[in-house]
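Please read it alongside the sequence and the coordinates.

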Amino acid sequence: MAVYERSYRRYDGPLTTRRQRFLVVPRYALADVMRGRAFVMFYLLCFFPPFAGLIMIYLRHNLSALKVLGLPLERLRQALPIDAGFFSQGLSLQAVFAFLMVVAVAPALVAPDLRNNGLALYLSRPFSRAEYMLGKLAVLALLISTITWVPGILLFLLQGYLEGGGWFGAQARVLGALFAGSWVLIIAYSLLALAVSAWVKWKPVARIALVILFFVTNAFGHIMEMALGTWWSEMISFRQVIETVSAGLFGLPPQTGMPVWAAWVSLVAGSLLCLALLARRVRAYEVVR
């Protein structure tokens, strides 16, 4: 049939609600991410620390396994205390994997759309800029959640079940700190990575820029701290800010001289700056001749 003989037909398929339309972005973006074999292998490697924590908790409460290994129960309990420090260290370790995951995934989410002028196609549909960015953030949030607070809470529930004796009530703060600390990582890492990717546009260069930004701010903060003898310079260190905020959530003393309130100020200010950079860069445009 010739093209001019075709008549217009209205779409009669199922319609999604307004609130569900942004889900099409993470659905296809996540499918593209999981196609890479290297990323899948790295993603599986991210579950090694939670699995090691599972073994620690199991050995701590399994007398028969301890007898086979020849380990004394009391000495093991003293050497491996399952408390706020245990879960805080686990989250800190997963934060490293989360950063590497963001470096690998985030530039592939936004940079190609900006480089190939694809935002005009996205935003010409019933999509807003906020929904577009929410869809991209959902990919990172889902991936990071599966390696941070989801296994952390499962380990917490397992430890509470095996320990008994009111352990849940005594360590209730840890549960909230796991969830809140993980979402601090998700929001901070995602906004920083997407903002850098939106302005750099090229995926390899964006990944290099993220790594350099992360380590350079940390080194510069240490150098300024040693030179000036003040903790104010640590507010520009992305890693120190995240660690201080996490320690405050778990009720642990910070490892640096920067107070928790200063870390929160730096974190909120940096996130707002990244959000402003994204809002300035992610926008539809038209060429007027």
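The points below are grouped by topic.

The model is predicted, so local features need pLDDT of at least 70 and side-chain atom pairs count only at pLDDT 80 or more, while totals for chains, interfaces and linings use all residues. Residues are numbered from 1 along each chain as its sequence is written, and side-chain values use heavy atoms, with hydrogens and water left out.

**Aromatic pairs**

- Rings of Phe, Tyr and Trp (its six-membered ring) pair if their centres lie within 6.5 Å; planes under 30 degrees apart count as stacked, over 60 as edge-to-face and the rest as tilted.
- The count by this rule is 16 aromatic pairs.
- One of them joins Phe-99 and Tyr-189, edge-to-face, at 5.7 Å centre to centre with 70° between the planes.
- Phe-99 belongs to helix H6 (residues 84–105) and Tyr-189 to helix H12 (residues 172–200), so this pair ties together parts that are 90 residues apart in sequence. Helices here are DSSP runs (H or I, at least four residues), numbered from the N terminus.
- Both Phe-99 and Tyr-189 are buried; buried means under 20% relative accessible area, exposed over 50%, and partly exposed in between (1.4 Å probe, protein chains only).
- Phe-156 and Phe-168 also pair: their ring centres are 5.8 Å apart and their planes at 65°, so the pair is edge-to-face.
- Phe-156 lies in helix H10 (residues 149–163) and Phe-168 in helix H11 (residues 167–170), 12 residues apart.
- Phe-156 is buried at a relative accessible area of 2%, whereas Phe-168 is partly exposed at 38%.
- Ring pairs also connect Phe-39, Phe-42, Tyr-43, Phe-47 and Phe-97 into a cluster.

**Charge over a ring**

- The charged end of Arg-281 sits over the ring of Trp-199, 4.8 Å from the ring centre.
- The criterion is NZ of Lys or CZ of Arg within 6 Å of the ring centre and within 35 degrees of the ring normal.

**Cysteines**

- A disulfide is a covalent bond between the sulfur atoms of two cysteines.
- The structure holds 0 disulfides, where the test is a pair of cysteine sulfur atoms within 2.5 Å.
- Cys-46 is buried, with 0% relative accessibility.
- Cys-274 is buried too, with a relative accessible area of 10%.

**Ser-266**

- Ser-266 is placed in helix H15 (residues 260–281).
- With 17% relative accessibility, Ser-266 counts as buried.
- Leaving aside residues up to four places away in sequence, Ser-266 touches Met-235 and Val-241; contact means heavy atoms within 4.5 Å.

Methods: Helices (H or I, at least four residues) and strands (E, at least two) are DSSP runs, numbered from the N terminus.
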